[in-house]
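This report describes a protein model for a reader who has not seen it before. The sequence and structure come next, and the text follows.

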Amino acid sequence: MYADYFGLRADPFKVTPDLQFYFRGERQKAAERALLTALRQPDGLVLVAASVGCGKTMLLRRVAEQIKSVTPVAMVWNPALSFEDLLVAICVQFGVGETADDAAHRLRSIEFLSHHALSEGRAPVVMIDDADNLPYATLQQLTELCRLKVGKKQAVALVLSSALGRSDRVDEALPVTTHVQHLTLEPLAPPEVIAYVTHRLRTAGCEGPLPFTKGALTRLAEISRGVPRLANMLAGKAMFLAYLGDEQQVGDALVTEVASELWSTIESGLPAISNGTALAKRMDLHPVISGRAPSVPAPVSATSDVPQGKAPGS
């Protein structure tokens, strides 16, 4: 809705991961390099930790996209699986073990795949996002993948990701003999938040002046504290409120208003749209959304005063 109003091809601030909007700040580049280096010669497993909303899923997707042409990659998202079910999911993505009926046979199928992949230079890669959601018993058994060998080389490169506050649970479940390489993805620096918001807007089709004032971008950087998901939520809602108010740019006061409402919503546990909020008030004033005007606009003369980029009643 607001994307059309601001002349964009897509919603630049949707929360679901989308690689076309991937932002390569200095910290993302460093994390990419470290992970790619670890995957070239796997030793134990890699545990990627990041605060919620800092982009660990996007990082894994980005690296998987870079290596999938040179080695098989299996990716498991939001797992809550037994070890056997996890192996089934991995084998399905690798395209092996169709006739295997137990964990031992599936592990041998993965090992066989590794022989072929390693002969071409790269171990197959297994990525498990949100591994802190795995049952404790599954985490304890994961090292069976690390124990697979082809000659003296580890047969599978294993990458786990976890929320920063829950990565200790993963560490505690793994046997003490497991070599774990820790990689932490830090929040964006304040200048990177501004570059991040700008990148997403340009990727979505913004070709002219940005729909945010410099003050608004500074406030976004301050309030989001470098967390990309939070920056998305603030920026997207601020643009929606600007759309409802027929405003051509988002100012710092609107960003502050959105942040205040967002915090009170999170703290109270109330639905995002409730009586008395800034969004509810603006929606109530909007003639079409409120239901006080027909959804089909009346004809407009050439001299009508219509905000640029938005038809009456849209």
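## Nonpolar cores

In the largest nonpolar core, which has 64 residues, those that touch the most other members are Leu-39, Met-127, Leu-201, Phe-212, Met-239 and Val-250. Helix 11 gives the most to this core, with eleven residues. A nonpolar core is a set of buried Ala, Val, Leu, Ile, Met, Phe, Trp, Tyr and Cys residues joined through side-chain atoms within 4.5 Å. Buried means under 20% relative accessible area, exposed over 50%, and partly exposed in between, with a 1.4 Å probe and protein chains only. Apart from this core lies another, of 35 residues, including Leu-45, Leu-87, Ala-123 and Cys-146. In soluble globular proteins, nonpolar side chains tend to be buried together.

The model is predicted: local features need pLDDT of at least 70 and side-chain atom pairs count only at pLDDT 80 or more, while totals for chains, interfaces and linings use all residues. Residues are numbered from 1 along each chain as its sequence is written, and side-chain values use heavy atoms, with hydrogens and water left out.

## Overall make-up

The protein has 13 helices and seven strands; helices (H or I, at least four residues) and strands (E, at least two) are DSSP runs, numbered from the N terminus. Of its 314 residues, 48% are buried. Among contacts (heavy atoms within 4.5 Å) between residues at least 6 apart in sequence, 73% join residues at least 24 apart.

Two packed helices are described by the angle between their axes and the distance between the axes. Axes are lines fitted to C-alpha atoms, for helices over the stretch in contact, and angles run from 0 to 180 degrees between N-to-C directions. The table gives two such pairs.

| Pair | Angle | Axis distance |
|---|---|---|
| Helix 10 (residues 214–224) and helix 11 (residues 228–244) | about 135° | 9 Å |
| Helix 9 (residues 190–203) and helix 11 | about 55° | 11 Å |

Because of its angle, helix 9 is oblique to helix 11. Angles under 35 degrees count as roughly parallel, over 145 as roughly antiparallel, 65 to 115 as roughly perpendicular and the rest as oblique. Val-193, Tyr-196, Arg-200 and Leu-201 of helix 9 meet Pro-228, Ala-231, Asn-232 and Met-239 of helix 11. By class, this contact of helix 9 with helix 11 has six nonpolar residues, one polar and one charged. Here Ala, Val, Leu, Ile, Met, Phe, Trp, Tyr, Cys and Pro count as nonpolar, Asp, Glu, Lys and Arg as charged, and the others, Gly among them, as polar.

Leaving out residues up to four places away in sequence, Leu-201 touches Leu-8, Pro-12, Phe-13, Cys-206, Leu-210, Pro-211, Phe-212 and Met-239.

In helix 10, the buried residues are Ala-216, Leu-217, Leu-220, Ala-221, Ile-223 and Ser-224. Just after helix 10, Arg-225 takes a positive phi of about 55°.

## Two single residues

Ser-167 lies in helix 8 (residues 167–173). Its relative accessibility is 9%, so Ser-167 counts as buried. Leaving aside neighbours within four places in sequence, Ser-167 is in contact with Leu-47, Ala-49 and Ser-162.

Glu-144 is found in helix 7 (residues 143–147). At 27% relative accessibility, Glu-144 counts as partly exposed. Not counting residues up to four places away in sequence, Glu-144 touches Phe-83 and Leu-107. Glu-144 and Ala-104 are 40 residues apart in sequence, and 10.0 Å apart in space from C-alpha to C-alpha.
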